Amino acid sequence: MSTTRRPVSDEISWVLTPLLELPGVQHALIATGDGLVEGASPDLSRASAERVAAMTATLHAASRAFTTAFTDVEKPKLAQTVVESDLGFAIVVPAGQNTSLAVFATPDAQLGNIAYQMQVQVAALARALASPARQPDATGRT
């Protein structure tokens, strides 16, 4: 089986590349909690990416409210939200403070593998964002 690597150009979008290489994954996106695009797969148009980012924020807020309604627990921590349709699966996971990672996959995709890789990428993103900027040494090199 040959895998075509789909490059992603945005600065933070390197997180999406391993997800886009998984069988069945069609699109991936990183969104802020207020619905702005932080990075998107190259096959997703700008207009679609903006709609998905806005809906990701809405879906997460609705999922938290839904969980609170059932449990009376304020501010529950979501692990993931999955929407299944005849076209496939939309999966959203928290990716740090005020950030979410969203994937759309075909109906025959391996959800366990996708969910696992999403968590791996969230952890990698957290490590990258927590790393301090490199400081020049005494010779001025970084």
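The legends below describe close-up views of a predicted model.

**Figure 1. Overall arrangement of helices and strands.** The protein contains three helices and five strands. Along the sequence, these elements follow the pattern α-β-β-α-β-β-β-α. Of the 142 residues in the protein, 38% are buried. Among contacts between residues at least 6 apart in sequence, 42% join residues at least 24 apart. The protein exposes about 8,900 Å², of which carbon and sulfur atoms supply 56%.

**Figure 2. The hairpin of strands E1 and E2.** Strand E1 covers residues 25-32 and strand E2 covers residues 37-40; the two pair in the antiparallel sense over three bridges. Alanine 31 has valine 37, in E2, as its bridge partner. Four residues lie between the strands of this hairpin, and glycine 35 takes a positive phi near 90°.

**Figure 3. The largest nonpolar core.** This core has 21 residues, among which Leu101, Val103, Ile114 and Met118 touch the most other members. Two or more residues come from each of helix H1 (17-20), E1, strand E4 (88-94), strand E5 (99-105) and helix H3 (111-130). Helix H3 gives the most, with four residues. Apart from neighbours within four places in sequence, leucine 101 is in contact with residues including Leu19, Leu29, Ile91, Val93, Met118 and Val122. A second, separate core has six residues, including Ala31, Ala40, Leu44 and Ala49. In soluble globular proteins, nonpolar side chains tend to be buried together.

Figure 4. Leaving out residues up to four places away in sequence, glutamine 117 touches Pro18, Leu19 and Leu22.

**Figure 5. Helix H2 and the elements that cover it.** Helix H2 runs over residues 46-71, a total of 26 residues. At 1.5 Å a residue, H2 should span 38 Å, and its end C-alpha atoms are 37 Å apart, which agrees. The buried residues of H2 are Ser48, Ala49, Ala53, Thr56, Ala57, His60, Ser63 and Thr68. An α-helix has 3.6 residues a turn, so residues three or four places apart point the same way. The cover over the buried residues of H2 includes E1, E2, strand E3 (81-85), E4 and E5. Aspartate 72 follows H2 and has a positive phi, near 60°.

Conventions:
Residues are numbered from 1 along each chain as its sequence is written. This is a predicted model: local features need pLDDT of at least 70, side-chain atom pairs count only at pLDDT 80 or more; totals for chains, interfaces and linings use all residues. Side-chain values use heavy atoms; hydrogens and water are left out. Two strands pair if DSSP finds at least two bridges between them. A nonpolar core is a set of buried Ala, Val, Leu, Ile, Met, Phe, Trp, Tyr and Cys residues joined through side-chain atoms within 4.5 Å. Buried means under 20% relative accessible area, exposed over 50%, partly exposed in between (1.4 Å probe, protein chains only). Contact means heavy atoms within 4.5 Å. The expected span of a helix is 1.5 Å times one less than its number of residues. Accessible areas come from the Shrake-Rupley method with a 1.4 Å probe; for residues, only the protein chains shown count as cover.
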